[in-house]
Amino acid sequence: FKMEVSIQDVRDELTSLSTSTSTSTSPQTSSFPPLSLSLLRTLPGNTTCLDCASPDTTWCSLTYGILLCLQCSGKHRGLGVSVSFVRSLNMDSFKQEEVVTMLEGGNGQFGDFLERQGVKVGGRREVKLQSSSSSSSSSSSQID
């Protein structure tokens, strides 16, 4: 079942999110808003996990605006929240600005960025990570 979603529908959904909890400074949803999720899945590259190309993308990295499968989300969690902040699209709550961040990103956009930086995209790739606590040393991590 494929749902047609208009940008106006998503705007209305985000507006209702921001006004639904007017007492809170950071309104949150119970999960990723359904119309926004439908739009998110139509972004280039978002039909598969960025790291392993699995079609089961039920997780995301808010840090990079990308969709991930369960297995790769665990690997991102293992990197720490300072490197990749991971959330479940179905189980976690999202602030309005986090939903917008995801809609502005996408696996295609991030994959293009990685390729411009000389990082192999697709399947297995080696990603060099720089720790914020030790700026002089870098570690290498394989993301399958």
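**Exercise 1. Work out how helices α2 and α4 are placed relative to each other.**

Start with where they are: α2 covers residues 34-42 and α4 covers residues 96-104. Helices here are DSSP runs of H or I with at least four residues, strands are E runs of at least two, and both are numbered from the N terminus.

Next, look at the axes, which come within 9 Å and cross at roughly 20 degrees. Such axes are lines fitted to C-alpha atoms, for helices over the stretch in contact, and the angles run from 0 to 180 degrees between N-to-C directions.

Now put a word to that angle: α2 and α4 are therefore roughly parallel to each other. (Under 35 degrees counts as roughly parallel, over 145 as roughly antiparallel, 65 to 115 as roughly perpendicular, and the rest as oblique.)

Last, the hand: this crossing of α2 and α4 is left-handed, as the term is used when the near helix is turned anticlockwise from the far one by less than a right angle, with clockwise giving right-handed.

A word on the model before going on: it is predicted, so local features need pLDDT of at least 70 and side-chain atom pairs count only at pLDDT 80 or more, while totals for chains, interfaces and linings use all residues. Residues are numbered from 1 along each chain as its sequence is written, and side-chain values use heavy atoms, with hydrogens and water left out.

**Exercise 2. Find which residues of α2 and α4 meet, and sort them by type.**

On the α2 side, pick out S36, L39 and L40; across from them, in α4, sit V99, M102 and L103. Contact means heavy atoms within 4.5 Å.

Sorting the residues of this contact gives 5 nonpolar, 1 polar and no charged. (Ala, Val, Leu, Ile, Met, Phe, Trp, Tyr, Cys and Pro count as nonpolar, Asp, Glu, Lys and Arg as charged, and the others, Gly among them, as polar.)

**Exercise 3. Zoom out and describe the protein chain as a whole.**

Count the elements: you get 5 helices and 5 strands. From the N terminus on, they run α-α-β-β-α-β-α-α-β-β.

Then check burial: 40% of the 144 residues count as buried. (Buried is under 20% relative accessible area, exposed is over 50%, and partly exposed lies in between, with a 1.4 Å probe and protein chains only.)

Finally, take the contacts with a separation of 6 or more: residues 24 or more positions apart account for 53% of them.

**Exercise 4. Compare C49 and A53: is each one buried or partly exposed?**

Locate them. C49 is in the loop between α2 and β1, and A53 is also in the loop between α2 and β1 (59-61).

C49 has a relative accessible area of 2%, so it is buried. Apart from neighbours within four places in sequence, C49 touches S54, T57, L67, L68, C69, C72 and N107.

A53, at 45% relative accessibility, counts as partly exposed. Its phi is near 70 degrees, a positive value in a residue other than glycine.

**Exercise 5. Trace what lies across from W59 in space.**

Then try N90, in the loop between β3 (86-88) and α4. N90 and W59 are 31 residues apart in sequence, yet 8.0 Å apart in space, C-alpha to C-alpha. With a relative accessible area of 47%, N90 is partly exposed.
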